[in-house]
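The sequence and structure come first.

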Amino acid sequence: MEKTNVVIGFLGTNLDAGKRRRWRPSVQIAEHPDFPVDRLELIHGRRWSGLAEKIKSTVEYANPQIEVLLHEVEIRDPWDFEEMYGAMYDFARGYGFDEERENYHVHLTTGTHVAQICWFLLTEARHIPAKLIQTGPPRHQEEGPGSLQIVDLDLSKYNALQQRFDLVTKEYNTFLKGGIETRNNAFNTMIDRMEVVTSNSDAPLLLIGPTGTGKSELATRLYELKLQRRRVKGRLVHVNCSTLKGERAMSTLFGHRRQAIPGAATDRSGLLREADGGVLFLDEIDELGLDEQAMILHAIETGKYFPLGSDYEVTSRFHLIAGAGKDLASLVASGRFRADLFARLNLWTFALPALRDRPEDIAPNIAYEMARAEKTLGARVTFNADALAIYQKFATDPGTKWSGNFRDLSASIQRMCTLAPQGRITKSMVLAEIGTITSVWYNANQDPEMQLLTSVLGERSAEIDEFDRTQLAAVIRACRKSTNLSAAGRRLFAVSRLTKTSKNDADRLRKYLEKFGLDWASCQG
């Protein structure tokens with residue numbers, strides 16, 4: 001069965017009245033021999049009912065087979081976007097489209113520019129399942145119905161456009177991957193999904209993965225993509241939450257009034273304020289205290305927060321990217337992470353796989369690190385063929401731990417490139433590097449103090465001098481065996497406290513832990 005052709009449009013209060021020329025768009029659209037119209041739907045205000053009836057009579061007299069239906073819609077201000085869109089949306093909802101029997105076309109030529117924009121938005125969103133029609137008068141002094149152009153907003157029908165969009169999407173995906181031609185299907189699928197979410201949503205993003213999987217670099221590229229897509233205008237503020245311990249955490253994040261902090265000479269704006277209009281990246285968000293988590297949640301949901309010592313809220317609208325190295329769900333179950341904040345972050349969660357789970361991506365990442373080393377050193381370095389084969393076999397072996405993930409791989413390549421002054425990495429150099437890296441992993445696994453510090457500090461444990469490791473490990477063990485900070489302080493300072501006039505052991509212990517970015521809660525494991 002042939003479908004009925006339906007045209008929907010506004011009555012043109014000037015053009016259809018014939019005030020400027022004889023051409024009247026709502027009349028002439030029914031006169032195109034190659035575009036048959038079966039039904040014309042005209043929308044008009046009460047004031048123009050007479051003109052609408054005149055146009056109806058004219059069309060039906062000239063073309064008896066055409067049915068003309070008039071719709072009175074009262075719009076006080078046709079240039080008010082909210083009113084116009086609401087009225088047209090209501091018209092569309094109540095119309096009763098039958099796509100199986102009818103083809104619909106929206107006539108853009110009549111109506112205000114606001115109406116034309118509303119037609120486009122409603123049609124593009126498929127609230128009105130139609131194509132767009134633009135008509136024009138005949139050129140010069142010619143007779144006839146004039147010009148008619150049809151625009152179909154179904155982009156899937158335009159192969160060239162679709163190919164162009166696919167190419168742009170591929171470019172964005174390559175950008176998010178740092179230009180590395182990754183081959184892991186799960187990772188590539190995650191990046192595809194991440195590009196769509198970043199380009200279309202302002203909701204928080206949660207990046208979960210073990211240390212060294214590239215959360216910080218990915219967050220930077222996500223910010224730059226948001227900047228390119230004009231979703232943000234401000235800067236990227238990167239906060240390592242594992243360094244925000246004790247009393248300074250609140251001040252660093254939310255700022256303070258000088259009277260709230262003893263010895264403070266000026267007010268402090270805080271990092272949330274610095275992120276206004278941009279992106280706030282809270283790396284290691286699982287290290288934040290519960291009080292800070294509560295204030296972060298309030299700031300995400302309302303865009304407002306109270307600086308320390310202030311009676312007035314400060315406004316800061318930012319996009320949030322959060323990074324976590326631990327399973328937040330298990331932290332929620334143990335009471336160490338707020339369930340409401342986790343629920344807010346968990347809308348878009350992306351789990352970054354470890355290097356050992358992406359063996360097919362090791363080769364392209366080696367090439368990427370070699371290129372980066374070339375820029376750093378200012379000289380080209382390459383592998384000998386036998387050396388590269390040995391290193392790739394070691395790197396992709398299931399028994400190779402890569403405990404630091406891509407950070408370990410990067411450091412390994414940097415060492416070999418630096419030690420290759422002739423520009424060639426040889427077999428003997430690769431074997432020496434393999435010995436070095438496996439020795440480091442072995443020692444870390446065998447040394448109980450390093451194991452303890454790594455469980456608490458993560459990769460930062462490697463930054464602590466050997467002189468301090470034993471002492472800090474002893475302090476952490478004492479904290480775990482004590483009921484509270486004061487009890488741990490009394491145990492640790494049992495001798496020296498006898499010579500002190502002030503026996504505030506908790507304060508002494510708190511200050512010691514803060515030197516390493518720790519507090520009581522983080523020592524509990």
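Is Ile117 buried, partly exposed or exposed? Ile117 is partly exposed, because its relative accessibility is 44% (buried is under 20% relative accessible area, exposed over 50%, partly exposed in between, with a 1.4 Å probe and protein chains only).

## Basis of the model

This is a predicted model, in which local features need pLDDT of at least 70, side-chain atom pairs count only at pLDDT 80 or more, and totals for chains, interfaces and linings use all residues. Residues are numbered from 1 along each chain as its sequence is written, and side-chain values use heavy atoms, without hydrogens and water.

## Nonpolar patch

Ile117 lies in helix α4. Together with Phe81, Phe120 and Leu121, Ile117 makes a nonpolar surface patch of about 340 Å². Helix α4 (residues 113-124) gives the largest share of this patch, three residues.

Patch residues have over 30% relative accessible area and no salt bridge; like charges are joined within 9 Å, nonpolar side chains (Val, Leu, Ile, Met, Phe, Trp, Tyr) within 5 Å. A salt bridge is a side-chain nitrogen of Lys or Arg within 4 Å of a carboxyl oxygen of Asp or Glu.

## Ala299 in helix α10

Ala299 is found in helix α10 (residues 290-302) and is buried, at 2% relative accessible area. Apart from neighbours within four places in sequence, Ala299 contacts Leu272, Lys304, Tyr305 and Phe318 (contact means heavy atoms within 4.5 Å).

## After helix α7

Among the buried residues of α7 are Leu218, Leu222 and Leu225. Just after α7, Arg230 has a positive phi of about 60°. Helices are DSSP runs (H or I, at least four residues), numbered from the N terminus.

Technical notes:
Areas by Shrake-Rupley, 256 points an atom, 1.4 Å probe, with all protein chains shown as cover. Helix = DSSP H or I, 4+ residues; strand = E, 2+ residues; numbered from the N terminus.
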